[in-house]
Amino acid sequence: MSNVAPMRAANTTEQVQIDPITLEVVRAGLVSIVHEMSITMDRTSYSTIIREVHDYSCVLFDGQGRLIAQAEGIPIFNGSMNFVIDAVLARFPVAEMQPGDIFISNDPYTGGGTHKNDINIVMPIFWEGEVVMLSASKAHHLDIGGKDPGSWSSDARNTFQEGLSIPPMKLATRGVINEAITEILFANMRVPQLSRGDFAAQIAAGKTAELRAHAWLKKNGIALFKSAVNELINHGERITRAAIEKIPDGVYKASGFADSDGVTDDPIRIAVTVTVKGGDIHVDFTGSDKQREGAAGNCHWVNTVSMTREFIMFLTDIALGGNEGSYKPIHVIAPKGSVFRPSYPAPVTTGMGDMGTRLIELLFQALADVLPQEVIAGTFGNFSCLTLAGFDEETGVEFVHFSPYAGGWGGRSHADGNSAMVSLGSGDNFNVPCEVMETKFPGLVAKQYRLIERSAGAGRHRGGYGIAYDYLMTLPGEFTVALDRDKYPPYGLFGGRNGRPSGLVVNPGSDQERVYARASGVKVPAGTVISHRTAGGGGYGNPAERDPQLVLDDVLDGLITIEDAASDYGVSIDPAALTIDRPATERLRSAMT
Amino acid sequence: MSSRLSADIGGTFTDLVLLDEAGHLHVQKTPSTPDDFKNGVLNGVQITLAAANETRGKGTEIAMKDVEYFVHGATVVLNALIQRKLPTTALVTTAGFRDVLEIMRTNNPFMYDMRYVKPAPLIPRRLRFEIGERVLHTGEVMTELDEAGVREVALKLKASGATAVAVCLIHAYANPAHEQRVRDIICETCPDMVVCLSSEVAGEQREFERTSTTSINAATVPIITSYLDRLSGELRDLGLQRDLYVMQSNGGVITSNVARDLPVRTVLSGPSGGVVGGAYLANEIGLDNVVTLDMGGTSTDIGLVAHGRAVTVDESHVDGWPILAPMIEILAIGAGGGSIGWLDSGGGLRVGPQSAGAVPGPVCYRRGGDEPTVSDACLVLSRLDPDYFLGGRMDLDVDGANWVISEKVAGPLKMSKEEAAQGMITVVTANMAKAMRQILVARGLDPRDFTLMAFGGAGGMVVGDLLRASDVKRALVPNNPGALCAIGMLVTDFRYDASATLVRALKSADADEVAKVFARLDTEARGKLVEEGLRAEDVLVERYVDVRYVGQEYYLKIPVDDGPLDVAMLETEFNKEHERVYGYSTSLFPCEFVNLRLTALGKVMRPKFPTYAARSAADGPLKPDTRRQVYFGGRFADTPIYRIESLRPGDTMMGPLVIEDPNSTVVVLADQQATVDGYKNILIEEIDA
């Protein structure tokens with residue numbers, strides 16, 4: 001890069017002038033390192049949840065623990081990673097680290113973790129005897145112990161029921177793994193063999209980061225790196241401020257209810273006050289309920305902050321994630337002991353999805369009137385996870401099939417909501433193909449996997465459709481489910497209607513039919529059909545303003561009925577010709593307004 | 001006299017290459033005709049023959065009947081797909097799975113983008129029909145086919161107006177019997193319907209990817225059939241006596257009959273020609289490992305040649321739709337001569353992916369463009385000669401370029417227009433270097449083992465910067481860089497790929513079962529090439545097994561020989577490859593195989609690239625044709641300019657310098673050395689001071 005002559009720096013004390021061009025070159029280089037970490041994770045992992053679902057994120061920090069680069073991954077993870085590094089560095093100062101050291105954590109209370117399945121691996125990167133960067137990966141491990149297979153229990157009553165807690169620990173010293181730690185870890189997991197492989201993948205990703213960082217530093221010099229990091233962080237901050245400045249100064253409020261905490265079905269009151277002043281935004285959750293008994297009702301502070309950051313990132317023009325600076329203008333407040341900042345030992349695993357998604361939607365609602373172009377109507381809610389577990393007597397293998405599910409998103413100012421897409425915080429998560437699922441899990445057969453007709457909320461831009469995934473259990477087993485939006489359906493905006501609520505139906509249509517939303521460790525005999533149904537998204541805008549042709553399309557596609565077209569949209573369709581009856585439509589619509 | 005002809009049909013231009021019986025290449029460029037690509041091809045063929053005959057002189061003219069081999073890309077398929085101008089197509093699938101095509105993989109590829117809209121399904125829901133049946137992953141039938149239900153669906157298909165139908169049943173790759181029976185029943189009711197079976201088009205696991213592939217195939221059969229019928233009819237009228245050949249995305253050629261059955265395999269045939277051409281040239285000049293970089297106006301296609309062969313992948317995406325078929329691996333990024341420079345809300349300089357395209361194009365093209373592009377930046381720095389662009393046929397607007405870079409980039413960034421222009425080139429090459437790394441490391445390849453081969457209209461303008469920004473060892477700009485795709489098509493082998501999913505533990509693998517599946521694939525693949533006139537003994541067959549550790553999702557493709565499956569050998573080779581690609585292997589997990597793959601290759605005659613004589617006394621010593629002020633390393637400097645026709649093999653020059661020919665410009669930086677080889681390719685290396 002000699003055409004950018006100042007980039008070749010000889011020694012570490014030299015200050016290097018960082019212009020916008022150098023900044024972009026450095027940014028591309030650092031993102032490239034993180035990207036290569038992801039490639040390594042992707043290709044060396046063992047479990048479905050990592051390889052197929054991509055439930056992991058990799059990031060890079062500088063030597064002071066400031067976030068400097070993220071790549072594609074899971075938004076909620078990206079905004080949380082600095083809690084991990086803070087917890088690790090508080091216990092293991094950088095000055096005491098040695099090359100080859102590896103640090104591990106998962107505990108939200110002591111380790112900066114998101115939930116216990118998400119295990120963090122942090123590795124220092126040395127250059128000339130000094131820690132100049134730290135790589136970190138967070139990956140969802142299939143099971144971390146606790147009361148139910150998959151460790152995803154919406155009715156957990158304390159953190160101990162959610163699995164093994166790992167405070168920040170030194171997993172390896174100078175490259176030698178402390179097997180006492182891994183043995184305890186694997187002994188507490190229901191399917192340790194997959195996690196062994198996934199651990200190897202996380203460590204391989206960290207080694208990739210080190211290798212690439214060394215090559216980059218060799219080529220570009222440490223002085224350039226250190227100077228560029230400050231400017232990178234300033235650049236991230238400027239981007240966030242520019243987005244916040246587009247919101248008119250003011251105080252915005254919203255409140256509502258979440259469905260259940262998983263133990264009791266009393267609705268959970270949630271409230272937010274957003275104060276925008278210039279380039280700063282204060283998000284205050286005071287007014288929300290006190291922390292709840294069950295996991296589904298508690299959003300750990302790490303996730304409260306991360307989800308709030310996530311929401312602001314939606315408003316910015318960053319494509320590949322932010323950095324330390326991106327979060328500086330975002331100030332989050334929640335009373336200790338409340339559902340958005342529960343105190344130890346409150347259970348928090350599923351609440352990350354349940355309450356975290358609510359949190360983002362609450363912010364959309366608060367700002368809807370000033371950001372009508374940016375906000376979307378209500379989505380199907382949390383990750384909608386379902387765990388199906390059983391024991392194959394033929395092979396002696398216990399199987400655990402854990403997966404998040406997709407549903408309907410809310411309508412928007414410019415388009416209908418997407419059907420069948422993963423939840424707000426999940427980003428580039430994939431489903432598990434039915435054919436792959438059946439090949440891997442001997443006791444399960446997919447009966448159907450389809451859109452739920454009539455589930456979308458009507459609107460000028462309607463919501464997306466939820467999906468029904470029906471499993472036939474061919475072996476005896478058990479299920480654990482954590483659905484959302486079963487009582488308070490996805491809301492419509494600006495006159496749009498609500499979407500249809502969710503539900504898990506056991507043996508639908510039979511005389512043993514039962515409906516669940518949150519349940520753990522429910523034993524079922526062979527032959528049981530489990531129908532997992534996510535909610536449809538809320539509509540955006542007055543349904544009577546929807547283009548009649550689009551209403552007809554949904555009728556022709558069997559997604560709504562001719563009666564729905566008339567009652568929800570005021571569109572009259574000739575049942576024989578299947579065409580729009582324009583005069584009748586005008587009559588219906590004028591009667592609606 | 002036998003000659004060979006190829007046509008690479010791009011969105012804007014069609015490149016043609018005629019290889020005559022003496023091994024001489026005749027290269028032509030004509031405008032494409034997107035309304036009906038056939039017209040541009042026919043026009044190009046005639047122009048190419050006329051120009052070649054003029055060169056060859058009286059008595060030695062080549063007529064259409066002398067063309068024994070005519071190969072071209074099926075851009076028509078890609079174009080129809082991208083523009084979604086597809087005929088009415090239906091889908092028949094297992095009861096319960098009607099919406100697989102619309103659910104897709106449920107991911108949001110743009111994680112912070114609330115405005116993301118999933119692509120409209122390739123086949124609307126009203127044309128997706130369900131039938132009663134179910135096969136398990138073992139191939140065992142769980143629910144028998146409801147033939148009466150299929151007959152009812154056939155009647156609905158007939159009434160629907162669909163001309164094609166994709167049949168995609170769950171686990172059909174493991175047992176295609178139900179799909180085959182469904183086809184028979186549909187054909188009874190709808191004899192003219194195009195029916196494509198997922199087990200034949202893409203016999204692999206994963207229902208969405210297989211359905212997507214089969215649906216694309218079904219929807220494009222009518223398109224390619226009509227196109228090839230019309231084109232070959234008119235070519236026959238011009239005197240062509242041979243069948244047409246079509247380039248596939250896998251870098252092999254197939255006859256028009258196979259292309260009519262499997263158009264999905266031709267979708268990315270255009271860009272793949274460049275990689276095949278690159279591979280061929282690399283072999284000719286003794287390079288094993290090459291990154292090809294085809295930089296055009298709106299985008300850059302990056303491909304790989306490793307160990308002398310173009311690298312392929314077994315799955316790729318077009319417009320968000322997955323295609324399960326072997327394809328030359330191409331990473332397309334939004335960086336080209338027309339890429340636009342802009343400032344993000346944090347004041348950072350970005351270039352692309354937005355492009356000014358061909359229209360309005362860069363400001364300097366005088367077609368109404370008003371955004372600063374990479375080409376404008378090159379003109380500001382005097383890398384381009386405004387009077388010699390396209391050999392002087394196009395007059396570039398220097399004032400316009402200076403204005404737009406000053407106004408929209410330099411002003412806001414408070415720097416000079418030259419610094420801003422250089423900055424745009426630095427940023428765009430940083431993104432290209434990042435993409436090159438990405439494609440290499442994803443395959444476990446070390447960039448330092450690779451040579452960058454830069455071609456396409458804009459490749460040479462930034463090749464020096466790119467060499468410096470990336471980790472490759474050296475760069476090469478081929479002679480005739482614009483025609484490399486068309487040359488590639490001329491030198492491709494016949495190729496047919498067949499595959500079958502068979503998931504078995506390695507330890508308990510039944511060699512007979514494997515042999516049976518390979519025998520079936522062999523008959524299918526070899527048969528296709530023999531059908532097309534190749535002799536069975538000239539067909540080379542390669543076999544591969546996809547292997548992974550039990551529990552792992554991803555697999556590695558391991559070559560095997562044609563004897564009985566040697567399990568121990570396969571495991572050893574797999575562990576070696578895993579170690580190479582991922583840095584470790586393990587005995588902790590048993591191995592299993594997932595897919596069996598077979599490739600049949602039929603070799604074609606190879607042309608010789610024209611060679612040039614070394615510098616003679618008559619040529620005089622090497623000296624620049626002209627000099628001009630070009631901006632390098634922070635200032636304008638008096639820079640030597642060489643014309644390609646003045647250069648001779650063996651000429652060696654130190655940068656900074658510029659080499660020009662009518663269709664391309666090669667910019668070499670300070671501390672870089674350019675060497676001309678026997679084919680007049682330009683080799684560029686960093687010389688450490």
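**Reading the two chains**

Mentor: Gladly. Let us start with B:R242, which sits in the loop between α7 and β11 (244-247) of chain B. Helices (H or I, at least four residues) and strands (E, at least two) are DSSP runs, numbered from the N terminus. This is a predicted model, in which local features need pLDDT of at least 70, side-chain atom pairs count only at pLDDT 80 or more, and totals for chains, interfaces and linings use all residues. Residues are numbered from 1 along each chain as its sequence is written, while chains are lettered from A and ligands numbered from 1 in the order in which they are written.

Trainee: Which residues does B:R242 touch?

Mentor: Two residues are in contact if their C-beta atoms, placed from the backbone, lie within 7 Å. Leaving aside residues up to four places away in sequence, B:R242 touches B:E68, B:Y69 and B:F70. By contrast, B:L145 is 97 residues from B:R242 in sequence and 44 Å from it in space, C-alpha to C-alpha.

Trainee: What can I say about chain A as a whole?

Mentor: Chain A has 15 helices and 22 strands. Its radius of gyration is 25 Å, close to the 25 Å that the globule rule gives for 593 residues, so chain A is as compact as a globular protein of that length. The radius is taken over C-alpha atoms, and the rule is 2.2 Å times the number of residues to the power 0.38. Along the principal axes, the C-alpha atoms of chain A fill a box of roughly 80 × 60 × 45 Å. Of the 593 residues, 63% count as buried.

Trainee: How many residues of chain B are in contact with chain A?

Mentor: 65 residues of chain B are in contact with 71 residues of chain A. On the side of chain B that touches chain A, the largest share, 10 residues, comes from α12(B). The residues of that side divide into 26 nonpolar, 21 polar and 18 charged. Here Ala, Val, Leu, Ile, Met, Phe, Trp, Tyr, Cys and Pro count as nonpolar, Asp, Glu, Lys and Arg as charged, and the others, Gly among them, as polar.

Trainee: How do I describe two helices that pack together?

Mentor: Two packed helices are described by the angle between their axes and the distance between the axes. The axes are lines fitted to C-alpha atoms, for helices over the stretch in contact, and angles run from 0 to 180 degrees between N-to-C directions. Angles under 35 degrees count as roughly parallel, over 145 as roughly antiparallel, 65 to 115 as roughly perpendicular and the rest as oblique. The axes of helix α1 (residues 20-44) of chain A and α12(B) come within 9 Å and cross at roughly 10°. α1(A) is therefore roughly parallel to α12(B). Their contact has 7 nonpolar, 6 polar and 4 charged residues.

Trainee: And how does α11(B) lie against α12(B)?

Mentor: Those axes come within 8 Å and cross at roughly 90°, so α11(B) and α12(B) are roughly perpendicular to each other.

Trainee: What should I look for in the backbone?

Mentor: Most residues other than glycine have a negative phi, and most peptide bonds are trans. B:S382 has a positive phi near 65° and is not a glycine; with 20 other C-beta atoms within 10 Å, B:S382 is buried. A cis peptide bond joins A:Y344 and A:P345, with omega about 0°.

Technical notes. A residue is buried if 20 or more other C-beta atoms lie within 10 Å of its own, exposed if 12 or fewer, and partly exposed in between; C-beta atoms are placed from the backbone.
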